[in-house]
Structures are given as structure tokens and as C-alpha cells.
Amino acid sequence: MNAKLIVDRDFVVSELDRRIFGTFVEHMGRCVYGGIYEPGHATADEDGFRGDVLELTKELGTTIIRYPGGNFLSGYNWEDGVGPADKRPVRRDLAWFSTETNQFGTNEFMKWAAKADIEPMFGVNLGTKGPDEARQFLEYCNHEGGSALSDLRKEHGYEKPHDIKFWCLGNEMDGPWQICHKTAEEYGRVALETAKVMRWVDPTIQLAACGSSHRNMPTYGSWEYQVLDHCYDEVDFISLHTYFNNHADSAAEYFGVIELLDAFIKEVAAICDAVGAKRRSHKKIMLSLDEWNVWYKTHKIENMRVPGWPEAPKLIEEVYNTEDALIVGGALIAMLNNADRVKVACLAQLVNVIGPIMTETGGDAWRQTIFHPFALASKYGHGRVLKSVAVSDSYSAKTFPEIPYLYATVIDNPADGTTTVIALNRSLSDPMEVEVELRGLGTDRELVHATELHHSNLKAVNTKDAPNTVAPKVNNDVKIDGERMTIRLKPASFNVITTRATPVGNA
Ligand code: AHR
């Protein structure tokens, strides 16, 4: 099959916000305990942080991490997780029916974040709590000193403010499963009032209001509109959550979910703009896709609850295969092509709980298949996303009426003269010969790397004993000729190709 991909250096979607490569750590299952934190583990440091997970987190290239939930957030008392560890209360977590020891909390996360070299993204509880706790928590975290709560932080051993910039106003408040679920009216009001007091405590923060928990929610669309009608002027972002599934067990159908994500992003942006238009506002609300991933094999009640209120039970430990990795790669392309509105995104979650990293408590850590497209996109995703025109045959599926076989994005980095093509071949049977035209990006071009993620078995997985079954390889089928390049993509493959050229003009 032949296809074309055309870009021009002057046609730019947006500067790429690196926060698009975020992930998520929730107090759920073995994400914290047995994931990032496991005192006594052979690789644990003096703070009890697993060294192997820390290394893999860095290799993943995640830039910002959302914490502490998730559904957990809506029943969380931040005060339980600070101060001397032996004085912290043990609580029942009603989100996941687990016992929370609170041995890991805000300050431990901030210490871990510094070691992992990531930006923190925190949430405030708007389920059982409200504006008062939110402003107090923010004062504890971000105020310099000289007030009761900032001095309490110092007393706890953290002299300098944490200076946490990004805050989520609750989690999935539209969902009936949420602890203290709210209507759009109730949530819109509380989001507005919480945002106001939080900004008065620290005017430098960015705030995200909860959008819909997924695109199939019955309140989808009207939820976003009504919530923003209340808090448009006080928030910077609205959130989107989405989990992809292959219940139909058809890779061709499955590829259509990437188009649905693109539609979801554009629809939410349009709703934000409708609220803005009604107010005659020049402000644009940005999108925070702060929970997204493949999740369906473990999306049953028995995967989410273990009887007996256990500590850190195995919950939703989804094992990912080749086709899941292709979907994750495709979703990243969709986000990148919408980089003018999607400024933050969090692959949910980081470790064990629907995670790109898997561990054994007391044992090894390894990379799941979905680790690879994320790590590649983050490693090479620097600069500006160009408007690309992809021309290829397409097919029709139940998930989406028109699915082009070629799905791609192009990122240009004037800082080092590199241009990166990220491309998915959605044909299950045919290799694809893609002719790429990089107009105006320089003719004296050299190949930096060409990497492909492909496995002939779409159900192949990585395990503790065979951790590299699905892993990136070199693609030797790249030809460069001036501004043109020809790349051969294997069927059902995710590809990242970087070339470097002498910059033209003042690029
Ligand atoms: O990521 C797992 C859960 O999925 C989160 O806690 C919740 O926000 C979502 O429904």
C-alpha cells in the first residue's frame, strides 16, 4: 500500500507542551505500596522508594504525575498523610474498599517526585470535603511560611514550599460511583468557589475543572457546558478521561477508538469555546486528558475489590499486549495533532494498576508493551507539532465510519534541527510505503534513528520471565532524498523516525 505524508515548516499546530507526557499515581492497589514505595525491597533507598521503579519511571520519560487519585481523592483527608508516620491514622478507603495506612503521603510524594525529576499535579477532595480543606491544603503546600499551616509543613521537615503549580478540582464528579457524586450545577458552583479561594492563596497556580468521566456518560456535553458556565473565568483547564477497550476482540475495530479520541478532544474544545463565545471571552480553556489508557481486561468488579479490606491488594493489574501498545501509540498521535488544545495528559496509571511498569512485590520490575510507544514519543517529542496532511486508503468499522490506514504526526524541533515522524500503520495485512515531504525543513538531511514497534502476534505480552517479547527495533527501510523520505512500515506497526537537517532561514 502507498501513502503520503506532507508537512510545511510554516504550518504549525502548536508548540508542544511537554506535560502531554504525564502519568498518574493513585493510592489504589499496588501503585503506591509495592509500586513506587516499598521499604525493604532490595532496590529501595533510604526513603523506601524502589530504585528499579524510579529508573524505569525516568526511562519512560514522564514529565508530570497526577496524585493522589482518582476515586481515592474523593474520600481523602490530606492531613492523614503528613507528619510523623507513626502517628498517622489507618483508614478504610471507600473508593477501593482497601485499608490505607497513610505511610505514604504528600511530602513523601514530593520527595519521590524530586528524585524522579517530574512535576507534581495534585488534586483537592471535592467529594467529602470542599473549598475550606482545599485552601488549607494549598497553604500547607505552597505558602512560604508565617502561617499556621505553612509552619506545620516546616515542622514536618519541609522548610521550602512545594510550589505545586497544577491542581485538579476533584475527580470524576459526574460519576455516580464517585464518593459524593454531584450534579453539574452542584459541582459547577463548588468548583467556582474552590477555585476562587485557591487562587487567593496562590495566584500562580493552574486549575482544572472535572469534565466527563468518559464520552459515553449520559450527561456528556451538557456537563462540560453547565460546569464551565459557572467557573469559566476561574479555571484554566477542563479534564477528559477515557479508557479504550477491545471487547469486540477485533484489531480493525479497536483502531477506531483512536478516531473517537480525536472526536472527543474536538468536541470538548468546541463546548469550551461555546461557553467562551456566550461570554464574549478571549480566554481559551485548555484540555487536560488527565486519565487515559487501555483498560478492559480487568474492568470487572472482582478486579476492583478484594474482600476483607486488604492493604495494597492486586487491583486492575492489566497485562498489555501488542495491539494495546499500538492503541496507546495512536492515542499519543491524536493528542499531539491536537496540541493546540491538549496541554496536559496523564497515562493512567504509572505502575501495576493499569500501568506501563509492572512489579512483583519483593521482586522484579519490567516494562509492559505500552511502555514503549510512550517512552519513544516522549524521548523524541520536543518542539512544535506541524499540521500534517496524511493521504492513504481507509476502511470502515463499527467503532468509526472512516479509518485511514496511515495515522501520523510530525514534530519539528528548531532547537536542534530535528524533525520526527510518528506513524501508525493500521493495516493488519499490508506493509505501507509512505512518501514523506518535509517542505521547507532543509534538504541536507541525515537519519538520526528509525525505530519500529511491531510483533507478528497482536496478543504477545511482556512478562517477568520474558520482559522483552514486544520491544522496539531498528527499522532499516528508510530512504532519504533531499526533502523527501520514503519509509516502509510493517503492517500493524508503530514507528518513530527522526532526521536532522541544516535549518533553513531563521527557523
Ligand atoms: O484509574 C482508575 C480509576 O479510573 C480512577 O481512580 C478513576 O478516576 C477512574 O474511574
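The face of α4 turned away from its buried side carries the exposed residues Ala148 and Glu155, where exposed means over 50% relative accessible area, buried under 20% and partly exposed in between, with a 1.4 Å probe and protein chains only. The model is predicted, so that local features need pLDDT of at least 70 and side-chain atom pairs count only at pLDDT 80 or more, while totals for chains, interfaces and linings use all residues. Residues are numbered from 1 along each chain as its sequence is written, and side-chain values use heavy atoms, with hydrogens and water left out.

**Helix α4**

- Helix α4 spans residues 148-155, and its buried residues are Leu149, Ser150 and Arg153; helices are DSSP runs (H or I, at least four residues), numbered from the N terminus.
- Glycine 157, which has a positive phi near 100°, follows α4.

**Ligand site**

- The residues surrounding the ligand include Phe24, Trp96, Asn171, Trp295 and Ile354, each with a heavy atom within 4 Å of the ligand.
- Oxygen atoms of the ligand lie 2.6 Å from a side-chain N or O atom of glutamate 26, 2.7 Å from a polar side-chain atom of glutamate 172 and 2.9 Å from a side-chain N or O atom of tyrosine 243.
- The ligand taken alone exposes 280 Å², of which the protein buries 95%, with areas from the Shrake-Rupley method and a 1.4 Å probe.

Note on methods: Helices (H or I, at least four residues) and strands (E, at least two) are DSSP runs, numbered from the N terminus. A polar contact is a pair of N or O atoms within 3.5 Å; within protein, one must be able to donate a hydrogen and the other to accept it, and residues adjacent in sequence count only if both atoms are side-chain atoms.
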